[in-house]
Amino acid sequence: MAHQQNNISTITSTKPINDENYYRATWAHRAWFATGCTAVLISLAKSILIISKMPPAPKTCLHLTLAAALGYLLSDLVSGIYHWAVDNYGSAATPIFGSQIESFRAHHQHPSEITKCETAGILYTLAAVTAAAVTPVNLFSGDPVLLAFVGVFAGCSMFSIKFHAWAHVPRKRLPAAVAALQDAGILMRLSQHAPHHRPPYNSNYCTVSGIWNRVLDETKVLAAVEAALYRLTGVRPRSWSEPISEWTPRTQMLDETQFLVNSKTK
């Protein structure tokens, strides 16, 4: 899938993949991923450095805690809105996010493939956006509370697709720390995300903690936005398609080395 994101394509066929390089990130992916991680770490480090030079104050600690908590909670909501958007709108030709849109469509066709991909290969697009958005804050802000919020929010948002990938891994195969975070409800579990891959494929979009899924699903706010966009633009979201459409998951193959591959579109 890491290699897959470089192609502007439509999923149309299957074949066995025996080349492990297919799942590896390119050096460009790794560079963007490192840049995004660096931007996040600078935000957090700068916040800590500024606080360390200030007189101890319980109020400041409270504000930092609240900022970090707010960043974490909002990242889950944003991950759900982003996931909903790329699942339902756009194509491989969409600027900046086209590779992610096509990759998410491939993921719905064969969900377990995401677990085989190198981290940088699935995060580089969000890492690039994160670096572009966070760097100005790092350069011009001296507010430790704002920097803490930005660091936590951007970090969780950037890694939301990795958290998503872990939600496709059986617990016994997860790193112990990740399993513990899932057990504590800090990260989304496989059982929480599974309904997203069952008909009607229009729920459980949030992929950090999943805490916003119930709110979004019960209020049907995303469905209302879909209806409004359809009335305004005539564009149907992919989740409205019939179960036999190309968007919905195909039957999982017993041999996990077989998956849907791309054919070039013009």
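A pocket is here an open set of grid points, where a 1.4 Å probe fits, with protein on both sides within 12 Å along at least five of seven lines. The model is predicted, and in it the largest pocket has a volume of about 320 Å³.

**The largest pocket**

- Of the 18 residues that line the largest pocket, those closest to its centre are V78, V129, T130, F153 and S157.
- The elements that contribute two or more residues to this lining are α2 (58-88), α4 (119-140) and α5 (144-158).
- Sorted by class, the lining of the largest pocket comprises 13 nonpolar and five polar residues, while charged residues are absent from it.

**Cysteines**

- The structure holds zero disulfides.
- C117 counts as buried because its relative accessibility, 7%, falls under the 20% cut-off.
- C156, at 15% relative accessibility, likewise counts as buried because this value is under 20%.

**Helix α3**

- Helix α3, which covers residues 98-109 and so has twelve residues, reaches 17 Å from its first C-alpha to its last, close to the 16 Å expected at 1.5 Å a residue.
- Twelve of the twelve residues of α3 are buried, and therefore the helix is largely enclosed by the rest of the structure.
- The buried residues of α3 include the charged residues E102 and R105, and among the others are G98, I101, F104 and H108.

Conventions. Residues numbered from 1 in each chain as written. Predicted model: local features only at pLDDT ≥ 70, side-chain atom pairs only at ≥ 80, totals over all residues. Heavy atoms only, no water. 1 Å grid on protein atoms, 1.4 Å probe; cavity = no way out; pocket = protein on both sides within 12 Å on 5 of 7 lines; lining within 4 Å. Points joined across faces, edges and corners; volume = space filled by probe spheres on them. Helix = DSSP H or I, 4+ residues; strand = E, 2+ residues; numbered from the N terminus. Disulfide = S-S within 2.5 Å. Buried < 20%, exposed > 50% of the residue type's maximum accessible area, 1.4 Å probe, protein only.
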